[in-house]
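Work through these exercises with the model open. Each task is followed by its solution.

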Amino acid sequence: MADLIKNLISGKWIESQGGSTFDTVNPANEELIAQAVKSSADDVNRAVQAAKHAYKEWRLMPAPRRGEILYQVARILEQRKDELSRLMTREMGKILAETRGDVQEAIDMAYYMGGEGRRLMGYTAPVEMYNKFGMALRDSVGVIGLITPWNFPVAVPSWKMLPALVAGNTVVWKPGEDIPASSAMFAQVFLDAGLPEGVLNVVMGAGETGSALVDNPDVRVISFTGSTTTGLKVYERAARTGKKVTLEMGGKNAIIVMDDANLDLAIDAITWSAFGTTGQRCTATSRLIVHKAIKPKLLDALIEKARNIKIGD
């Protein structure tokens, strides 16, 4: 692990222009994992300009070739799955079984989107005028800004960046401030897979870094995953400059248990949903709606199950 986690801009790992840093620590024992650069608006703009420059060539690369690079991303992730999973567990706290699943989602997504390189098909349409032919082709948009949270360090960004890349867009990614080391290791995979310089750029930092990305006029699309409060602010600010926006925000999820339910199965499902990913997940259960006939039995069993959960390093 490097002593300093840097920004990835134009294919190189570089320090922030202002020199500010922040710590990333193991939540189980407060071990210092590394320091990371804290990006300013100038750093973000530098990354956006790198992506804008790289877009000129990347958009012209044949889509099947772009897909082949994503296949290589999948293969390298398979080789580094355990190493990346262990770093993710150290840095953000969910257990190894879950971080391995997190990386596997990115592997699956890379293979899937790699195949899309040969499926980026348009369509023909009947035209109402004589001697005319109607045809639609898929085209890229430009620079895409991604803002992702800490709870799924690899899966969530993979859902966003891999489709964007195979379609010919370039990316500036602002990962959650709690996972700079994991994010840097994930981004390095793309460099090692042969992704051209500037096609994927990473800026480390917190809210002000994300704000600079949202406000940058050369970013055409913003994709955000995080809290509802922040997401609505992102939507409002991005709309001022005509950006396309996709949001994945928090929920208030319920499990309904009827009196004829399999209680053992229900208890397992409730425990996993409420405590998986250390409870920090937009689909985590926060409410139980239980038939009154089985409420006491279910409640006692759930309490006992919760008592047996091991918490710590």
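**Exercise 1.** Find the ring under Arg281.

Solution. Arg281 lies over the face of Trp272. The distance to the ring centre is 5.2 Å. A charge counts as over a ring if NZ of Lys or CZ of Arg is within 6 Å of the ring centre and within 35 degrees of the ring normal. Lys94 also lies over a ring face, that of Phe152, at 3.8 Å from the centre.

The model is predicted: local features need pLDDT of at least 70, side-chain atom pairs pLDDT 80 or more, while totals for chains, interfaces and linings use all residues. Residues are numbered from 1 along each chain as its sequence is written, and side-chain values use heavy atoms, without hydrogens and water.

**Exercise 2.** Trace the cluster that holds Trp173.

Solution. Start with the count: the whole structure has 3 aromatic pairs (Phe, Tyr or six-membered Trp rings, centres within 6.5 Å; planes under 30 degrees apart are stacked, over 60 edge-to-face, the rest tilted). Trp173 and Phe186 pair edge-to-face, at 6.0 Å between centres and 85° between planes. Trp173 sits in strand S9 (residues 170–174) and Phe186 in helix H5 (residues 180–192), so this pair ties together parts 13 residues apart in sequence. Helices (H or I, at least four residues) and strands (E, at least two) are DSSP runs, numbered from the N terminus.

Next, Phe186 pairs edge-to-face with Phe190, at 5.3 Å and 80°. Both lie in helix H5, 4 residues apart, about one turn of the helix.

**Exercise 3.** Is Thr209 buried or exposed?

Solution. Thr209 is buried, at 0% relative accessible area. Buried means under 20%, exposed over 50%, partly exposed in between (1.4 Å probe, protein chains only).
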